[in-house]
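Take a moment with the model below.

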Amino acid sequence: MSPAKDQVLDRRGPNRGDQRRKALLGALDELLREDTFAAINVRDIALRAEVTRSAFYFYFENKAIAVAALCDEMYQEAFTAGTELLSAEGAPEDRIRRTMAGLFDAWTKHRHVFRAMLDARDADRTVRELWDQDRESFVPQVASMIEQERAAGHAPDGPDAALLATVLLELNDRALERLSRGSASVPAEALLDTLVTVWLRTIYGSCP
């Protein structure tokens, strides 16, 4: 986590040993499994965590920022999955599939948090900026993989690697958003397979 992001997600600074913060995030996680972001308020969170409302605001600016802090665990898991792209082990399809599978596993585990994060992103400009920063943090990994594959002669030259990586990552975001909000008409497994195909054809295929 960058220092700026760290400060937004925890107003106290670098100290992470406080049990009250963990209790608040644990309470928020429980409540989001039971209800929507819009239906939960700070009083609910503080009551479940058995702390005061003022204690909540000691750690978080508002409910949306608390959701962003909770979502950070999912981000770390997704970022770890992204390292598979730079691994030299396995064929390109295997590496991309492992990365996508890791992303979908993290989404499945934290689906309720991801759904709340979408609502928090829509409601709070700071969360929206954090969301964009998180997605953009994956761009160097993907762009580096594309450039390595091109340099090795495994992939054809094409658009700027960073721009291509940005478009592919936005496609992932959109797919998970549709799944989270129940607007996807296909199962998650089929969507994962389709994304893998799009990534492979975009990076390794050629235009007619």
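**Around the cavity**

Six helices, H5, H6 (92–109), H7 (111–123), H8 (125–137), H9 (139–151) and H10 (161–180), each supply at least two residues of the lining of the largest cavity. Helices here are DSSP runs of H or I, at least four residues long, numbered from the N terminus. A cavity is a set of points, on a 1 Å grid over the protein atoms alone, where a 1.4 Å probe fits but cannot get out; lining residues have an atom within 4 Å of a point. H5 gives the most to this lining, with eight residues. In total 26 residues line the largest cavity, and Ala78, Leu103, Arg135, Phe138 and Asp173 lie nearest its centre. The space inside is about 430 Å³. A volume is the space filled by probe spheres set on the points, which are joined across faces, edges and corners. The structure holds one cavity of 30 Å³ or more.

This is a predicted model: local features need pLDDT of at least 70, side-chain atom pairs count only at pLDDT 80 or more, and totals for chains, interfaces and linings use all residues. Residues are numbered from 1 along each chain as its sequence is written, and side-chain values use heavy atoms, with hydrogens and water left out. The pLDDT is the predictor's confidence in each residue, from 0 to 100. Its mean over the chain is 87, and 88% of the residues reach 70 or more. Confidence is lowest in helix H1 (residues 3–9), at a mean of 66, and highest in helix H3 (residues 42–49), at 97.

Now the core. A nonpolar core is a set of buried Ala, Val, Leu, Ile, Met, Phe, Trp, Tyr and Cys residues joined through side-chain atoms within 4.5 Å. Buried means under 20% relative accessible area, exposed over 50%, and partly exposed in between (1.4 Å probe, protein chains only). The largest core has 66 residues; Leu24, Ile45, Phe60, Val67, Ile96, Trp199 and Ile203 touch the most other members. Helix H5 (residues 63–82) gives the most to this core, with eleven residues.

UniProt, in an unreviewed entry, lists residues 41–60 as "DNA-binding region"; such annotations may be inferred rather than shown by experiment. Over this span the chain is 75% helix and 0% strand. Leu24 touches, among others, Ile45, Val51, Phe56 and Phe60. Contact means heavy atoms within 4.5 Å.

Last, Lys109, in helix H6. It counts as partly exposed because its relative accessibility is 49%. Beyond four places in sequence, Lys109 touches Glu73 and Glu77.

Terms used
On a 1 Å grid over the protein atoms alone, a cavity is a set of points where a 1.4 Å probe fits but cannot get out, and a pocket is an open set with protein on both sides within 12 Å along at least five of seven lines; lining residues have an atom within 4 Å of a point.
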